[in-house]
Amino acid sequence: MRITRLLSAALLAFGLSATAVAPAAADSTPSPGASSEDGAGPTRAGTSFRTATEFEQGQTATARASVGDYLYWSFPAGTGQRPTVEASVKLPETHAAETWRIDVYDGLRRRQACQYGAQTRTAAADAASVELKCVLRTVRAWAEPWAYDPLPGTYYVRLTAVNLTAADLGRSVDIEVRAGSKEMGGAAAVDGSLSEPLVPGVALRNAAEDRDGDGDGDGGKKDSPTAVLADLEPEDGWTSGWWSSRWVWTAVGGALAALAGVAGYRLTRGTGRPSRVPPGA
């Protein structure tokens, strides 16, 4: 009975500590669309994957563009995050009905499906703005080569208008794009990880040092250019680390199994030798 009480007390104490830790971790997770301390993002947009404008999660990227342009941004997303991308387009005072669409691609430029959200919306002729949203699937640490699962790395956002009339082409619009994510914890953990995140090169440069002193930077020899990778990465790194909520549930499950074993033993061992049976019989 004493062992049962000790195990029960230990299990209760462990459960209280795990409960106290879990909300703290959840509170520190930025919610989709949450702003960082400065919250200020870039004020322009790229026109292709190679010129996509980088911004961090929690920032708001703004741009003034023309209707009909393809606009590109990029942001980093790590393992265990479920990214959410939102876009707001302020339309001209007078315009015809327009359909706007937001697409998200991973580092391999594979289009990622939205779990939910208004990925495509049609703005009526009298609408002042249009709001778009795409909630992606949870970023996995590893996947089969043939799978289209989201993987850690750079994610591209493409925004454009479709089904336009000739009168609306080239009109000026103001755009805001935001990206955030929710940490999914151990529920999204998998066995395996990528050796490197899917972060494509964004430029080329000559890595040779100027060893010959002529100031041309060629180092006295011809050197092939090397790729310059994207500068941004998630605040906590590309991987979620070794700790996850699975450790908590594994420990709780082990404690419950031990407690059930002790209780089962006490129930099945009986009351000992009956009093009517003499010792040594």
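What is the torsion about the S-S bond of Cys114 and Cys134, and which hand does the disulfide have? The torsion is about -100°, so the disulfide is left-handed. The structure is a predicted model, and the count of disulfides in it comes to one. The two sulfur atoms of Cys114 and Cys134 lie 1.9 Å apart. Cys114 belongs to strand E7 (residues 114-116) and Cys134 to strand E9, so the bond ties together parts that are 20 residues apart in sequence. Cys134 has a relative accessible area of 0% and is therefore buried.

The mean pLDDT is 76, and 65% of the residues reach 70 or more. Strand E9 (residues 129-136), which holds Cys134, has the highest confidence, at a mean of 95. At the other end is helix H1 (residues 2-27), where the mean is lowest, at 45. Over residues 16-37 the pLDDT stays under 50, and the model has 17 contacts beyond four places in sequence for this stretch. Residues 207-211 are also below 50, with 14 contacts beyond near neighbours in sequence.

Arg64 is exposed, with a relative accessible area of 62%, while Asp174 is partly exposed at 29%.

Another salt bridge is formed by Arg137 and Asp149, at 3.4 Å from N to O. Both residues sit in the loop between E9 and strand E10 (153-162), so the bridge ties together parts that are 12 residues apart in sequence. Arg137 is partly exposed, at 30% relative accessibility. Asp168 and Arg171 also meet in a salt bridge, again with 3.4 Å between the closest N and O atoms. Here Asp168 is buried, at 2%, and Arg171 is partly exposed, at 31%. A network of salt bridges links Arg101, Asp103, Arg111 and Arg158.

Met184 lies in the loop between strand E11 (172-183) and strand E12 (201-206). Leaving aside neighbours within four places in sequence, Met184 is in contact with Gly80, Arg82 and Thr138. The C-alpha atoms of Met184 and Val139 are separated by 9.2 Å, although the two residues are 45 apart along the chain. With a relative accessible area of 26%, Met184 is partly exposed.

How values were computed. Residues are numbered from 1 along each chain as its sequence is written. This is a predicted model: local features need pLDDT of at least 70, side-chain atom pairs count only at pLDDT 80 or more; totals for chains, interfaces and linings use all residues. Side-chain values use heavy atoms; hydrogens and water are left out. pLDDT is the predictor's confidence in each residue, from 0 to 100. Helices (H or I, at least four residues) and strands (E, at least two) are DSSP runs, numbered from the N terminus. Contact means heavy atoms within 4.5 Å. A disulfide is a pair of cysteine sulfur atoms within 2.5 Å. Buried means under 20% relative accessible area, exposed over 50%, partly exposed in between (1.4 Å probe, protein chains only). A salt bridge is a side-chain nitrogen of Lys or Arg within 4 Å of a carboxyl oxygen of Asp or Glu.
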